[in-house]
Amino acid sequence: MAKIHGGQVIARALKNEGVDTLFTLTGGHIVPILDGCVQEGIRIVDLRHEQAVAHAAEAYGRLTGKLGVAAVTAGPGVTDAVTGVANAHFAGTPMLLLGGRHLVRQEMMGGLQEMDHPRMFHSITRWAGTAWQTDRLADHIATAARAAFSGRGGPVFLDVPMDVQFDMVDDEA
């Protein structure tokens, strides 16, 4: 059976949720996600600052009624996106922020830009979590999308470690 990497799993799951555009500032922690989006035909809008990325995804979600999606690198990339996520929270805008994260095997060992991103977002998101396994990525995207559109609607956050993005799984398509 053919194999695909976690970034492509994410892109396919996003496509299943009706996502056609992803806003980003390209960075090493999210390269597989961007690669997967290219492979799956999801338009990538590459901006120059993570704050602009988050605001663009929020505005896109608000104006289209679709899930606005942003992907940013770990640490400062994620923290720069907080204001856009807070705006989505106060406006009730369905938005998904995908955050890059250090390698799983470096957890609690000072991995590159290691932070507990989900804790930062608990008060301004409808759901925030970390995807620890590649074979569960599609489930996490579906859970996040459901939470983003439930009730009044609002932002969600999914942290995705680099090795989870790079790991290969069987291509179910």
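Glutamine 8 counts as buried in this predicted model, with a relative accessibility of 8%. The cut-off for buried is under 20% relative accessible area, so glutamine 8 qualifies at 8%. Glutamine 8 sits in helix α1, and setting aside neighbours within four places in sequence, its contacts are Pro32, Gly36, Gln39 and Glu40.

Glutamate 40 belongs to helix α2, which covers residues 31-40. Glutamate 40 is buried too, because its relative accessible area of 14% falls under the 20% limit. Which residues does glutamate 40 touch, not counting those up to four places away in sequence? They are Gln8, Ala11, Arg12 and Lys15.

Two of these partners are joined to glutamate 40 by polar contacts between side chains. With glutamine 8 the distance is 2.9 Å, and with arginine 12 it is 3.1 Å.

Is phenylalanine 90 buried or exposed? Phenylalanine 90 counts as exposed, because its relative accessibility of 61% is over the 50% cut-off. From phenylalanine 90 to glutamine 133 there are 43 residues in sequence, and the two C-alpha atoms lie 31 Å apart in space.

| Residue | Relative accessibility | Class |
|---|---|---|
| Glutamine 8 | 8% | buried |
| Glutamate 40 | 14% | buried |
| Phenylalanine 90 | 61% | exposed |

The largest pocket holds about 250 Å³ of space. Its lining is made up of 14 residues, and those closest to the centre are Ile4, Val9, Ala138, Asp170 and Glu172. Which elements give two or more residues to this lining? They are α1 (6-16), α7 (137-149) and β8 (168-170). Helix α1 gives the most, with 4 residues.

Terms used
Residues are numbered from 1 along each chain as its sequence is written. This is a predicted model: local features need pLDDT of at least 70, side-chain atom pairs count only at pLDDT 80 or more; totals for chains, interfaces and linings use all residues. Side-chain values use heavy atoms; hydrogens and water are left out. On a 1 Å grid over the protein atoms alone, a cavity is a set of points where a 1.4 Å probe fits but cannot get out, and a pocket is an open set with protein on both sides within 12 Å along at least five of seven lines; lining residues have an atom within 4 Å of a point. Grid points are joined across faces, edges and corners, and a volume is the space filled by probe spheres set on the points. Buried means under 20% relative accessible area, exposed over 50%, partly exposed in between (1.4 Å probe, protein chains only). A polar contact is a pair of N or O atoms within 3.5 Å; within protein, one must be able to donate a hydrogen and the other to accept it, and residues adjacent in sequence count only if both atoms are side-chain atoms. Contact means heavy atoms within 4.5 Å.
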